[in-house]
Amino acid sequence: MRKIENSGFDNKSYNGEYVMRAVDRAVHERARYLVCFYDTLVEEMGKEKATEICNRALWSYGKLKPDLTDGHPGDVRPFAEAATLGIEYYCQEHMHNTLEFLTEDKAIVHLQGRCALVDAWRELGLSTEKCKELCEIACHGDYAHMDTMGLKCTFSTTFANGDDHCEVIIEKK
């Protein structure tokens with residue numbers, strides 16, 4: 001085994017603020033490359049076909065996520081709790097989320113604050129209409145993730161639509 005004498009890395013710890021900024025930057029980059037992919041596809045094949053391809057690609061991505069999810073297929077509680085707490089943990093300074101169980105099989109995650117994807121799209125000068133289109137495409141990853149877990153996900157309000165919060169409804173299929 002080869003030993004590396006000086007890797008150039010220091011042993012240091014990272015505080016929550018550093019991690020939140022890093023996650024925020026990563027989400028901003030995700031938003032920017034989605035715009036680039038989508039716009040390029042629109043130029044090449046038109047809006048309808050570009051949207052279809054992006055939706056399929058994000059659906060494929062979402063199908064890869066269940067191995068990162070605790071809980072059992074069809075069980076709303078663990079997924080809703082993870083979605084609420086996970087988003088709030090990584091976006092502490094921007095998000096203040098609440099979780100409302102309507103029944104054992106249906107919950108609403110109330111995301112309060114802001115969305116880093118929408119922020120990035122707005123920083124790029126995109127219209128509300130374009131933000132809505134991109135948000136719907138990006139949500140296909142969530143739709144597929146839920147689908148593979150025996151759940152259904154819908155968004156009743158979104159930051160992209162200009163709402164001051166985002167509501168995710170999670171229910172058993």
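The model is predicted.

**Stop 1: helices α4 and α5**

Select residues 116-123, which form helix α4, and residues 128-148, which form helix α5. Look down on the two axes. They lie 10 Å apart, and the helices pack at an angle of about 145°. The crossing of α4 and α5 is right-handed.

Now show side chains. From α4, pick L117, W121 and R122. From α5, pick C131, L134, C135 and A138. These residues make the contact between α4 and α5. Colour them by class. Six are nonpolar, one is charged, and no polar residue takes part.

**Stop 2: Y33 and F37**

Move to helix α1, residues 16-45. Select Y33 and F37, which form an aromatic pair. How are the two rings of Y33 and F37 arranged? They sit edge-to-face, with 80° between the planes. Centre to centre, the distance is 6.1 Å. The structure holds two aromatic pairs.

Is F37 buried or exposed? F37 is exposed, because its relative accessible area of 54% is over the 50% cut-off. Y33 has a relative accessible area of 47%, so it counts as partly exposed.

**Stop 3: R77 and F101**

Finish by selecting R77 and F101. View the ring of F101 face-on. R77 lies over that face, at 4.0 Å from the ring centre.

Note on methods. Residues numbered from 1 in each chain as written. Predicted model: local features only at pLDDT ≥ 70, side-chain atom pairs only at ≥ 80, totals over all residues. Heavy atoms only, no water. Axes fitted to C-alpha atoms, helices over the stretch in contact; angles between N-to-C directions. Helix = DSSP H or I, 4+ residues; strand = E, 2+ residues; numbered from the N terminus. Left-handed = near helix turned anticlockwise from the far one by under 90°. Contact = heavy atoms within 4.5 Å. Nonpolar A, V, L, I, M, F, W, Y, C, P; charged D, E, K, R; others polar. Phe/Tyr/Trp six-rings, centres within 6.5 Å; stacked < 30°, edge-to-face > 60°. Buried < 20%, exposed > 50% of the residue type's maximum accessible area, 1.4 Å probe, protein only. Lys NZ or Arg CZ within 6 Å of the ring centre and 35° of its normal.
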